[in-house]
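The tour below goes from one selection to the next.

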Amino acid sequence: MTSSSRQPSHSKSGTPKTLHVNLFEMACVSHIVHGMWREESNNRHRFGEMGYWLDTAKRAEAAGMDAIFLADVIGIYDRFGGLDASLRLGLQIPNLDPLSLIPAMAAVTETLGFAATFSTTYEPPFAFARRMSTLDLLTNGRVGWNVVTSYLPNAARNFGLDGELEHDSRYDRADEYLDVLYKLWEGSWQEDAVIQDRESDRYTDPSRVRHINHEGAHFRVEGPHLVQPTPQRTPVLFQATGSSRGLKTAARHAEAIFIGGRTQEEVRSHIARTRAEAAAQGRDPAELKFYVMAGLIAGRTEEEAQAKLARYRAYYSVEGALVHAQAEIDLRQFDPSITIGQALAESGRSLGNMGRRFGTELTVGAALEQIASFDEGRFFAVGTPEQIADALEIWLDEDGIDGINLRQYHSSETLDDYATLIAPELRRRGRLPAPAQPGETLRHRLTGRDRLPDSHPAAIQRRNFAPPQPRTETAAPNASPSPANAQNANAQKESALS
């Protein structure tokens with residue numbers, strides 16, 4: 001179906017629904033399209049160079065993208081092939097800290113946003129709150145956070161645990177983690193707390209800043225937050241959802257939600273279910289935006305696009321795909337005519353990652369063919385700019401998505417093809433938002449507002465502000481301070497002198 005034979009969906013203003021686009025990145029050699037770094041003109045090996053990130057940021061901004069979206073992991077993929085395979089293939093190791101990349105890229109751009117992945121599972125919320133507020137302040141409100149709960153067993157061992165935390169308990173912890181952050185970001189400082197009164201020698205009005213005094217099942221945080229109110233206060237909240245427990249957390253907190261689906265019906269069902277859950281939690285379901293990871297390979301002609309696809313496939317690593325998938329079995333070792341279910345049964349394995357990804361009825365040969373083609377299913381398009389725009393319009397209007405994370409096959413050919421081939425066609429059809437303006441926050445770019453709406457659970461912290469109540473310690477007259485109290489007193493003296 002081409003765009004000329006279908007009726008586009010329109011917004012309330014009567015204009016066609018527009019597409020939000022992020023460049024999907026990760027500070028490593030092999031992010032998603034494994035093996036492609038070997039292609040001679042690919043720049044993936046430059047991920048450790050400042051110049052690579054500065055150039056990428058400037059290209060993405062010139063292309064009119066909303067943001068660079070940075071993935072991350074804090075462990076290795078070692079289920080299939082162990083450490084050897086991950087290191088040999090450069091599969092997300094070595095891997096740099098994504099938060100450290102943002103200030104440099106922000107310094108050479110004016111309108112481009114940045115979203116970074118950070119886990120709620122192992123590091124405490126107070127320090128992370130300051131890091132994100134610092135980024136929001138220095139970028140003038142151009143940052144977002146991809147909220148994740150770490151699932152790699154190696155990540156757990158890196159933080160002193162014997163194994164990964166149980167699935168639902170990770171989300172329980174994430175819910176409280178976010179509640180602590182909302183108290184710090186939204187409820188610790190009033191909007192007008194910073195007064196900068198030179199005559200009275202008062203930079204901040206103490207009556208407009210408070211301790212949060214949070215005590216919960218996982219965290220105890222006194223506060224106050226160490227950073228004044230920033231342009232967005234809370235960064236734009238992204239989150240993926242798959243499980244029923246993950247759905248509840250995403251529907252409660254996220255503004256932009258990553259979904260998937262093998263068919264249009266699955267995608268529409270996921271969106272409807274998530275909106276319903278958001279409404280059940282008191283949020284306006286219309287405020288949620290839905291993103292998918294999309295693969296777009298464009299050429300000026302069909303033949304050029306297909307030749308590019310063939311060139312990319314020639315470098316693709318099936319072994320890398322199995323490592324990344326945390327595969328329980330090596331599909332290459334089975335008769336290609338049997339089903340995934342039969343292969344799992346022969347190995348004495350349960351459904352696992354292979355079963356969840358491909359289903360139990362698909363043959364091993366078909367699964368390997370799909371892996372080798374790196375065709376990720378529904379959200380994959382190869383062809384001319386017109387053909388790709390046709391596909392994107394269907395995803396927007398019929399599947400109901402709002403945006404994409406553009407998967408990079410080749411750095412920077414993928415980005416350049418989007419800028420020179422795909423974006424102009426989308427712009428011609430009215431399918432891209434108006435160009436971002438200097439000073440516009442990332443949230444305003446996506447939602448038309450700078451701050452979280454009143455229906456979001458963070459908003460209660462803005463309404464509940466009360467004057468600070470200093471803690472008082474009671475002790476018997478003439479009692480000597482306990483060792484712990486003496487240590488706290490010394491620490492306070494040191495803090496005052498620093």
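Predicted model: local features only at pLDDT ≥ 70, side-chain atom pairs only at ≥ 80, totals over all residues.

**A helix and its cover.** Select residues 364-373, which form helix α13. Which of its residues are buried? They are V364, A367, L368, I371 and S373. An α-helix has 3.6 residues a turn, so residues three or four places apart point the same way. Step past the end of α13 to F374, which follows the helix and has a positive phi, near 40°.

**The largest cavity.** The whole structure contains 6 cavities of 30 Å³ or more. The largest has a volume of about 90 Å³. To find it, select V29, H31, I32, R44 and Q408, the residues of its lining that lie nearest its centre. The lining has 14 residues in total. By class, 8 of these lining residues are nonpolar, 4 are polar and 2 are charged.

**Two crossing helices.** Select α7 (residues 244-253) together with α8 (residues 264-280). At what angle do their axes cross? The angle is roughly 65°, and the axes come within 8 Å. The crossing of α7 past α8 is right-handed. Show side chains for L247, K248 and A251 on α7, and for R273, T274, E277 and A278 on α8; these residues make the contact. Sorted by class, the contact has 3 nonpolar, 1 polar and 3 charged residues.

**Backbone features in loops.** Most residues other than glycine have a negative phi, and most peptide bonds are trans. The next selections depart from that pattern.

- Select I93 and P94: the peptide bond between them is cis, with omega near 0°. P94 sits in the loop between α2 (82-89) and α3 (102-107).
- Select S411 and S412: a cis peptide bond joins them, with omega about 15°. S412 belongs to the loop between β13 (403-406) and α15 (413-428).
- Select N213: its phi is positive, near 50°. The loop holding N213 runs between β6 (202-204) and β7 (214-215).
- Select R233: this residue is not a glycine, yet has a positive phi of about 60°. R233 lies in the loop between β8 (220-221) and β9 (236-240).

**Buried or exposed?** Finish with N213 and R233 shown as surface. N213 counts as partly exposed because its relative accessibility is 32%. R233, at 4% relative accessibility, counts as buried.

Methods:
Residues numbered from 1 in each chain as written. Heavy atoms only, no water. Buried < 20%, exposed > 50% of the residue type's maximum accessible area, 1.4 Å probe, protein only. Helix = DSSP H or I, 4+ residues; strand = E, 2+ residues; numbered from the N terminus. 1 Å grid on protein atoms, 1.4 Å probe; cavity = no way out; pocket = protein on both sides within 12 Å on 5 of 7 lines; lining within 4 Å. Points joined across faces, edges and corners; volume = space filled by probe spheres on them. Nonpolar A, V, L, I, M, F, W, Y, C, P; charged D, E, K, R; others polar. Axes fitted to C-alpha atoms, helices over the stretch in contact; angles between N-to-C directions. Left-handed = near helix turned anticlockwise from the far one by under 90°. Contact = heavy atoms within 4.5 Å.
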